[in-house]
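The tour below goes stop by stop, with something to select at each.

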Amino acid sequence: MPNITIDGKTVEVEPGTTVIQAAEKLGIELPRYCYHPGLSIVGQCRICLVEIEKMPKPQVACYTPVTDGMVVHTQSEKALRARKDVLELLLVNHPLDCPVCDQAGECWLQEYYMRLGQYDSKMIEDKVKKDKAVDLGPHVMLDQERCILCTRCVRFCDEISKSHELGIFNRGDHAVLAPHPGRRLDNLYSVNTVDICPVGALTEKDFRFEARVWYLHSTPSICPGCSTGCNIAIHTNTERTHHAQGRRVVRLKPRYHPEVNQWWMCDIGRYSFKSVDDPSRLTAPMLRQDGQWIATSWEVVSEAVTHKIKTAGAERVGLWASPQLTNEDLFVLKKFADRLGLTRVAATLAPLQKPVRDNFLIKEDHNPNTRGLEFTGFPLDTQASADLLQQAADGKLAVLLIFYHDLTCAFAGEAVSRALAKVPTVVFIGPNHNATSAAAHFLLPAAAWPESDGTFTNFAGRVQRLRQAVPPLGDARPVWQILKLLGKPLGVIVPYLEAGDVFAALARENRAFAGMSYATIGELGHQSGEEAHAVKTRRLNQVPDKLRIVPIFG
Ligand code: SF4
Ligand code: SF4
Ligand code: FES
């Protein structure tokens, strides 16, 4: 295996490794625009130039394979001078947009100008004018003047989404990025092009002019959009509450995970945060009186609901769990159901319309935690749901507890209304109003997923962490805490103070979670059945995450 020395440090690498990759192994960060570890290498932008001994001219680090005994200098006068000159060339026609550019604060032209550039411009000519605010597709806007023609977005559409919408047209300083004639950038992964654009040429329509990135906070979490469980970062705006129309969650970004989603996420999952600060949120416990919703306290509503459950008796209480709930919620909910002796239990619905799916990331199951349901012992059979609705319609239920579901997604609206009208007490527990909550007698507001600590189990059995990015809205609470409140008068004691306590109990009592803790789950998740020491070894073998999570590096 070849040995390479970079800035005096030597490392042995696999044959075929490039200089930029060998530098990463040594923790040496080289600038880059066109290079992206998830895309083919084109060596186009030249910002990664380094000096290699015995080679007369500076070489591109991203394109040059390591040879045994190679000696590289990344900080020599020659290398620094070459990169500074490249940057000056890239900026010759770049507009002076920083004050109004959405990329400001996370732009790699700004970043490298401060690190490497800092030259006085020699330009006396006018800059070349190109089209601004080109509407590329449903989510992406292009500013051709800002584009540095790195072709990352073109390669993404050719190699990852394989939808081939974009190309570079014309020559020299008239070259522009544009869609092919008659095409729109409308594939299901289109916003990943914005993530990997190293400058402000591609911006997200939804986020444009909403908030300055330096006011945002980032929290690692998991996408709730389907059972893949893509790793994401939730970006929240809590410092400038007058920005983004007061929305706290302003965007989601993919987070690198080598085995789940690599650098990517789909557009459907990306906009799944819209319900979090939506006017449809339930923010206070409510009860219906004379056809009117009355906001009340948790004490009043829990006393009323538990009284109804007690007087109904276990045989006449139905419960609809949900694959949208966390493992922690499901663990406590199963205990709640078992201790009360409930047998009329359903969990999953078969949606009326076929959900979107593909052979890349998007799974047909648009729930994040169906495996969690399975592991905690809830029925996965959708027949259980049809049976429960029938039991409601037959007047066999006195109380029906519905967690999260909108039943009209799976059954005809009329059948749902008819069945719910036969149940004297319908309790809806969830974060948002829906067609089912409209027919309930009690509404119990649950915390939305960015407001909760906890875990989801993805389709492959990987348990991954959600972290609270913002506090629950109004009086909303995590479901396991709502069950703690409801359980007490019913004799179901939930002795946990934090989500971590719930998970520790889950790991002790349930074989599917054996050996797991929030520590072993960490940033990369813990595969069910995998020994804790194997998780640790796997982690040690991985490329340092630091180099992967800075946007331009992946
Ligand atoms: S739009 Fe961005 S990603 Fe695409 S070529 Fe231009 S600079 Fe590169
Ligand atoms: S593929 Fe699934 S988990 Fe990944 S971003 Fe899309 S919806 Fe979310
Ligand atoms: S040429 Fe190496 S990063 Fe572009």
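Predicted model: local features only at pLDDT ≥ 70, side-chain atom pairs only at ≥ 80, totals over all residues.

Which residues in H7 meet Ile482, Leu485 and Leu486 in H12? The residues in H7 are Trp298, Ser302, Val305 and Thr306. Now look along the two helices: the axes of H7 (residues 298-312) and H12 come within 9 Å and cross at roughly 65 degrees. The crossing is right-handed.

Thr306 and Pro489 are 183 residues apart along the chain, yet their C-alpha atoms are separated by 6.9 Å. Leaving aside residues up to four places away in sequence, Pro489 touches Thr306 and Lys310. Pro489 is partly exposed, because its relative accessibility is 39%, which falls between the 20% limit for buried and the 50% limit for exposed.

Next, select helix H13 (residues 499-509). Its buried residues include Val502, Phe503 and Leu506. What do the buried residues of H13 pack against? Colour these elements to see them: helix H8 (327-340), helix H9 (370-376), strand E21 (454-457), strand E22 (462-466), helix H12 (479-487) and helix H14 (518-521).

From there, go to H8 and select Asp338 and Lys334. They form a salt bridge, with the closest N and O atoms 3.0 Å apart. Asp338 and Lys334 are four residues apart in helix H8, so about one helical turn separates them. Asp338 is partly exposed, at 46% relative accessible area.

Now select Lys132. Its side chain meets that of Asp143 in a salt bridge of 3.0 Å, N to O. Lys132 lies in the loop between helix H3 (108-117) and strand E6 (134-135), and Asp143 in the loop between strand E7 (140-142) and helix H4 (152-160), so the pair ties together parts that are eleven residues apart in sequence. Is Asp143 buried or exposed? Asp143 is buried, with a relative accessible area of 6%, whereas Lys132 is partly exposed at 36%. Lys132 also meets Glu145 in a salt bridge of 2.8 Å, N to O.

For the last stop, show the surface and select Leu188, Ile268 and Val356. These three form a nonpolar patch on the surface, with about 210 Å² of accessible area together. Ile268 belongs to helix H6 (residues 267-270) and is partly exposed, with a relative accessible area of 36%.

Notes
Residues numbered from 1 in each chain as written. Chains lettered and ligands numbered in written order. Heavy atoms only, no water. Patch = residues over 30% accessible without salt bridge, like charges linked within 9 Å, V, L, I, M, F, W, Y side chains within 5 Å. Areas by Shrake-Rupley, 256 points an atom, 1.4 Å probe, with all protein chains shown as cover. Salt bridge = Lys/Arg side-chain N within 4 Å of Asp/Glu carboxyl O. Buried < 20%, exposed > 50% of the residue type's maximum accessible area, 1.4 Å probe, protein only. Contact = heavy atoms within 4.5 Å. Axes fitted to C-alpha atoms, helices over the stretch in contact; angles between N-to-C directions. Left-handed = near helix turned anticlockwise from the far one by under 90°.
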